[in-house]
Amino acid sequence: MASAEIDVGAGQAPDHPDRHSGRLGDRYAISFRRQFLVVTVCLLAVNLMIGLFARHQQRAIIDYAVNVYDTAFISTNYVSLAQIAFQHYVDEQSRAIGPDQASKANELLETVLDDIDVAIERSSSHLTRTEGLELRTNISELLKLGGDSPELRSLTDDVQQKLERLHQNNSAIGLQARDDIEAFSYRSDLLLLASTLTSIMLAGLVLLVTHRMIRSLNQRSSDRLYAALEGMPQGLSMFDDKQRLIICNAEFGAMYGLRAGLIEPGTPLRAILEHRMENGTAAINAENFVEEELASASQPTAIALEHQLQDGRTIALTKAPLSTGGAVTIHMDVTEKRNSEKQIAFLAHHDALTGLANRVQLREHIDKILEKVRRGGTASVLCLDLDNFKIINDTLGHSVGDALLCAVSKRVRDLVRDRDLVSRTGGDEFSIVQFGTEPPMEASAALATRIVEALSAPFELGDHHVVIGASVGIAIAPDDGDSADQLLKNADMALYRSKEEGRGRFHFFEPEMDIKAQTRRVLELDLRSAIAAGEFEVFYQPIVNLAENRITGFEALLRWNHPTRGRVAPNDFIPLAEETGLIGAIGEWVIRQACAEARRWPSDTRVAVNVSPVQFRNKTLVLAVVSALAASGLRPDLLELEITETVLMNNNEATLAALHQLRALGVRISMDDFGTGYSSLSYLRSFPFDKIKIDQSFVRDLSERPDSIAIIRAVAGLGQSFGMTTTAEGVETQEQLDQMRAEGCSEVQGYFYSRPVPASEIAQLLIGFQERVQAAA
Ligand code: C2E
Ligand code: MG
Ligand code: MG
């Protein structure tokens with residue numbers, strides 16, 4: 001692997017990997033391995049044979065040498081001894097006189113025979129053996145011949161000659177052996193040479209194969225390295241200790257727009273950096289990019305950092321120093337990642353519609369501001385709520401609602417200073433945090449006034465001319481709270497008060513609001529358990545037909561008999577029941593009670609039940625009415641539902657559909673509290689009401705405001721021309737009654753006749769009324 005890196009480092013352009021990994025390459029490698037095996041086996045066999053042969057030769061020559069030694073030295077020695085003994089014999093024989101001396105000489109022949117025997121025995125020469133045996137025979141014959149005879153002399157000469165020949169023969173064998181050994185030595189040298197040659201060839205083969213294996217390994221490692229580098233999604237660069245490029249991948253070049261010449265091994269880092277300065281891929285925040293980068297590259301430390309490039313991209317760099325000096329660096333384009341992180345962070349802290357801060361950022365900001373407040377200073381939190389936003393949203397659609405919110409946020413932003421934070425905290429709720437305002441109450445009151453004014457000016461949204469308003473609640477830190485939660489809660493309570501007081505205004509938080517809010521929370525808890533506890537009761541107030549002078553019906557009015565608070569009036573708990581959604585269950589209970597009660601009244605006596613706008617939103621109203629009518633057996637036309645204008649302001653289509661369904665059942669629909677709403681007359685056109693109930697405020701103001709009588713007259717006339725009954729509410733005096741009669745109202749309702757009474761008193765009330773009528777008549 002190390003050598004692979006060196007090869008690569010030398011900058012050899014890599015061959016195409018396929019060329020090495022193709023089938024041709026594989027076949028070539030297989031045939032090479034086969035040839036290598038054959039040659040190796042042959043060489044090994046030859047080497048083995050040479051070795052065996054040499055060993056055989058060695059053994060043969062040793063045997064040969066032993067034999068030659070015996071023949072040439074021991075046998076020759078005994079032949080010489082035999083010659084000497086025979087010469088003694090010849091001498092003694094020639095000097096022998098008489099048989100004794102002759103036999104003594106013959107004893108010497110015994111010695112000769114013994115020596116000849118040893119010479120025959122120790123000689124390896126066939127010739128020596130043959131001649132020795134011949135000599136032995138001749139000497140044996142000598143023993144038989146006695147005296148001085150010519151045969152004896154001739155045989156003696158013959159034996160002497162044969163002994164001499166035998167001696168020479170053995171000497172010749174010794175000489176021959178020397179030549180033979182020289183020839184063997186020569187052959188041994190040849191064998192040794194052959195063996196050495198085959199060994200050298202074997203070693204060469206092994207070297208060749210080892211070299212090939214290393215080369216193939218290097219090649220493969222190098223191919224893999226290049227494939228891995230080019231397959232990397234990141235850029236990679238490796239510079240040596242002299243800050244020259246060792247290697248890089250194509251991604252590195254592409255990332256910094258480097259031309260081909262700048263990604264060649266050996267390219268100085270400085271040239272690359274200077275090129276990046278020219279093509280706009282240098283880091284944006286570096287004062288002297290080239291020098292700073294060169295200085296950083298020379299540091300032998302691992303670094304992980306990010307570069308913001310001039311072209312807007314963000315590149316993450318991870319540099320690891322090399323043990324040989326220089327460093328390898330991974331370059332990763334993290335632009336998209338960082339952008340989406342920024343986007344996520346932005347969304348986590350901003351409202352997607354208006355781009356204002358959201359609740360999360362608001363809280364964080366208040367926490368920060370409170371830190372400053374603790375060191376001295378003040379801050380105000382303003383909570384604002386748009387008046388009538390819901391109506392706009394429901395009637396003109398969500399796109400107009402969204403455009404309105406954006407327009408509102410722009411107006412508010414234009415009113416505050418840069419350091420003040422504006423946030424959208426809910427559907428139509430906004431908050432503003434002001435810091436360092438001295439004195440805070442005056443500054444925030446001035447801002448709240450500007451906001452209320454600015455938001456009450458009309459908005460032009462496409463084709464729509466929209467008028468809304470705003471209510472504001474203000475809490476001041478540190479007096480009204482030392483936490484974000486508390487400040488927001490208190491500003492919200494102040495806002496609630498502004499709304500209660502008629503909207504389009506601002507209010508500072510006051511501690512008593514908190515007490516009121518807590519009371520409200522307790523009331524809510526009590527309200528939740530009131531139905532089950534049987535604390536509700538329906539009272540009934542008669543409605544009198546002026547022309548017939550009789551009670552034509554009763555309005556059902558809810559009462560809450562609280563165990564400790566006593567009798568709670570509907571205006572004190574109905575809004576809370578609406579806010580909490582409890583009105584759904586409460587309202588259904590009232591309808592069931594009223595229908596069941598009315599069933600017991602004289603025929604043709606109607607019962608009127610008030611229905612909240614929230615009940616229309618629940619969409620179960622029609623079902624509740626049907627089931628109450630079915631359960632009680634009351635004729636549908638004896639049930640009257642009183643709705644206020646706000647029912648029609650919300651969710652027009654669904655509400656109108658429900659109203660038409662109820663009308664189809666035969667149920668009568670009345671418009672309650674007529675004249676208190678926004679555009680009462682237009683609502684009269686949207687649905688064919690059976691009855692208009694003129695709000696009691698007009699009746700009450702009769703004496704002080706002449707326009708009230710004009711309104712009552714107009715409504716009564718309207719009712720007559722539309723064929724609708726008109727009921728005047730809140731008639732307390734004879735004078736008021738007379739005026740209503742004079743203006744043409746069909747019905748009246750009020751304390752003049754009766755306050756709302758419990759169901760148990762109705763029978764008595766009806767009798768009493770009848771008696772009053774008869775008495776008057
Ligand atoms: P409303 O429907 O306009 O009912 C008439 C209110 O005027 C009743 O007040 C009644 O007691 C009062 N009133 C009647 N004659 C006179 C009079 O001569 N002088 C004066 N000053 N007041 C008179 P109440 O019972 O306190 O009810 C107030 C409102 O609460 C009702 O106004 C109605 O909107 C609502 N409400 C009452 N019961 C229910 C109910 O069961 N469901 C719903 N959703 N609302 C109800
Ligand atoms: Mg009513
Ligand atoms: Mg009313």
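A: Before the metals, one cut-off is needed: donors are N, O and S atoms within 2.8 Å of the metal, and water is not among the atoms, so sites may look incomplete. Please also keep in mind that this is a predicted model.

Q: Where do Asp672 and Glu729 sit in the fold?

A: Asp672 belongs to strand β18 (residues 668-674), while Glu729 is in the loop between β20 (725-728) and α26 (734-743), so that the pair, 57 residues apart, links distant parts of the chain.

Q: Are those two buried or exposed?

A: Asp672 is buried, with a relative accessible area of 5%, and Glu729 also counts as buried, at 7% relative accessibility.

Q: And what coordinates the magnesium ion listed as ligand 2?

A: The magnesium ion (ligand 2) is coordinated by Glu555 (OE), Asn610 (OD1), Glu642 (OE) and Asp672 (OD), at 2.0 to 2.2 Å. The sequence spacing of its donor residues reads E-x54-N-x31-E-x29-D.

Q: How are Asn610 and Asp672 placed relative to each other in the chain?

A: Asn610 lies in strand β16 (residues 606-610) and Asp672 in strand β18, so this pair ties together parts of the chain that are 62 residues apart in sequence. Asn610 is partly exposed, its relative accessible area being 30%, whereas Asp672 is buried.

Q: Which residue coordinates both ions, and how far apart are they?

A: Asp672 coordinates both, and the magnesium ion (ligand 2) and the magnesium ion (ligand 3) are 3.8 Å apart.

Q: Back to Glu729 for a moment: which residue does it form a salt bridge with?

A: Glu729 forms a salt bridge with Lys693, and the closest N and O atoms are 3.9 Å apart. Lys693 is in strand β19 (residues 691-694) and Glu729 in the loop between β20 and α26, which puts the partners 36 residues apart and links distant parts of the chain. Lys693 counts as buried at 0% relative accessibility, and Glu729 is buried as well, at 7%.

Q: Why would they pair up in general?

A: Side chains of opposite charge can pair when their charged atoms come close.

Q: How many salt bridges does a search of the whole structure find?

A: The search finds 40 salt bridges. One example joins the side chains of Arg270 and Glu274, with an N to O distance of 3.9 Å. Both residues lie in helix α8 (residues 269-279), four residues apart, or about one turn of the helix. Arg270 is partly exposed at 36% relative accessible area, and Glu274 counts as partly exposed at 37%.

Q: What about Asp311, what does it pair with?

A: Asp311 forms a salt bridge with Arg313, where the closest N and O atoms are 2.9 Å apart. Asp311 counts as partly exposed at 40% relative accessibility, but Arg313, at 19%, counts as buried, because the cut-off for buried is under 20% relative accessible area.

Q: Which residues are linked in a network of salt bridges?

A: Such a network links Glu306, Lys337, Arg338 and Glu341.

Q: Changing topic: where is Gln541, and what polar contacts does its side chain make?

A: Gln541 is placed in strand β13 (residues 536-545) and counts as buried, at 7% relative accessibility. Its side chain makes a polar contact with the side chain of Gln749 at 2.8 Å, and a polar atom of the Gln541 side chain also lies 3.0 Å from the backbone oxygen of Ser754.

Q: What else does Gln541 touch?

A: Leaving aside residues up to four places away in sequence, Gln541 touches a set of residues including Gly553, Phe554, Glu555, Leu557, Tyr751 and Pro756.

Q: Last one: which residues make the nonpolar surface patch?

A: Tyr186, Leu190, Leu193, Leu197 and Ile200 make a nonpolar surface patch of about 530 Å². Leu190 lies in helix α6 (residues 150-231) and is partly exposed, with a relative accessible area of 44%.

Definitions and conventions: Residues are numbered from 1 along each chain as its sequence is written. Chains are lettered from A and ligands numbered from 1 in the order in which they are written. This is a predicted model: local features need pLDDT of at least 70, side-chain atom pairs count only at pLDDT 80 or more; totals for chains, interfaces and linings use all residues. Side-chain values use heavy atoms; hydrogens and water are left out. Helices (H or I, at least four residues) and strands (E, at least two) are DSSP runs, numbered from the N terminus. Buried means under 20% relative accessible area, exposed over 50%, partly exposed in between (1.4 Å probe, protein chains only). A polar contact is a pair of N or O atoms within 3.5 Å; within protein, one must be able to donate a hydrogen and the other to accept it, and residues adjacent in sequence count only if both atoms are side-chain atoms. Contact means heavy atoms within 4.5 Å. Donors are N, O and S atoms within 2.8 Å of the metal (3.2 Å for Na, K and Ca); water is not among the atoms, so sites may look incomplete. Patches are made of residues with over 30% relative accessible area and no salt bridge: like charges are joined within 9 Å, nonpolar side chains (Val, Leu, Ile, Met, Phe, Trp, Tyr) within 5 Å. Accessible areas come from the Shrake-Rupley method with a 1.4 Å probe; for residues, only the protein chains shown count as cover. A salt bridge is a side-chain nitrogen of Lys or Arg within 4 Å of a carboxyl oxygen of Asp or Glu.
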